[in-house]
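Here are a few notes to read alongside the model. Take them in any order you like.

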Amino acid sequence: KKAVAAKRFSCIHPGCDRQFARLFNLHTHERTHDPLQVRPFVCSVAVCSKRFSRKHDLQRHEASVHKGERNYRCPTCSKPFSRQDGLRRH
């Protein structure tokens, strides 16, 4: 089993309690709070208005939210997850 890195870096945005093991990930996350951040990748589902700054994030959103993909399963209880980090937290 892999060791999970300690989450030493915390977001200081009011109301956000996200924490990260890597400073780079914190900096990437902090940009999500910037209302001026360019978000050119738009969800293709008509009733969804989500926009993303990275194509990868749009693809992950569409797969998990709109297509219902759950490719990670708990070996103990069989609960499915859309992302590996969700399974790890479980």
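1. The lining of the largest pocket draws at least two residues from each of β2 (19–20), α1 (23–30), β4 (51–52), α2 (55–66) and α3 (84–89). Helices here are DSSP runs of H or I with at least four residues, and strands are runs of E with at least two, numbered from the N terminus. Please keep in mind that this is a predicted model, where local features need pLDDT of at least 70, side-chain atom pairs count only at pLDDT 80 or more, and totals for chains, interfaces and linings use all residues. Residues are numbered from 1 along each chain, and side-chain values use heavy atoms, without hydrogens and water.

2. That pocket has a volume of about 1700 Å³. Among its 40 lining residues, Arg18, Arg60, Arg83, Asp85 and Arg89 are the closest to its centre. A pocket is an open set of points on a 1 Å grid where a 1.4 Å probe fits, with protein on both sides within 12 Å along at least five of seven lines; lining residues have an atom within 4 Å of a point. The volume is the space filled by probe spheres set on the points.

3. The protein chain has three helices and six strands, in the order β-β-α-β-β-α-β-β-α from the N terminus.

4. Why are there zero disulfides? A disulfide needs two cysteine sulfur atoms within 2.5 Å. The sulfur of Cys48 lies 3.8 Å from its closest cysteine sulfur, in Cys43, too far for a bond. For Cys77, the closest is in Cys74 at 3.7 Å, also too far.
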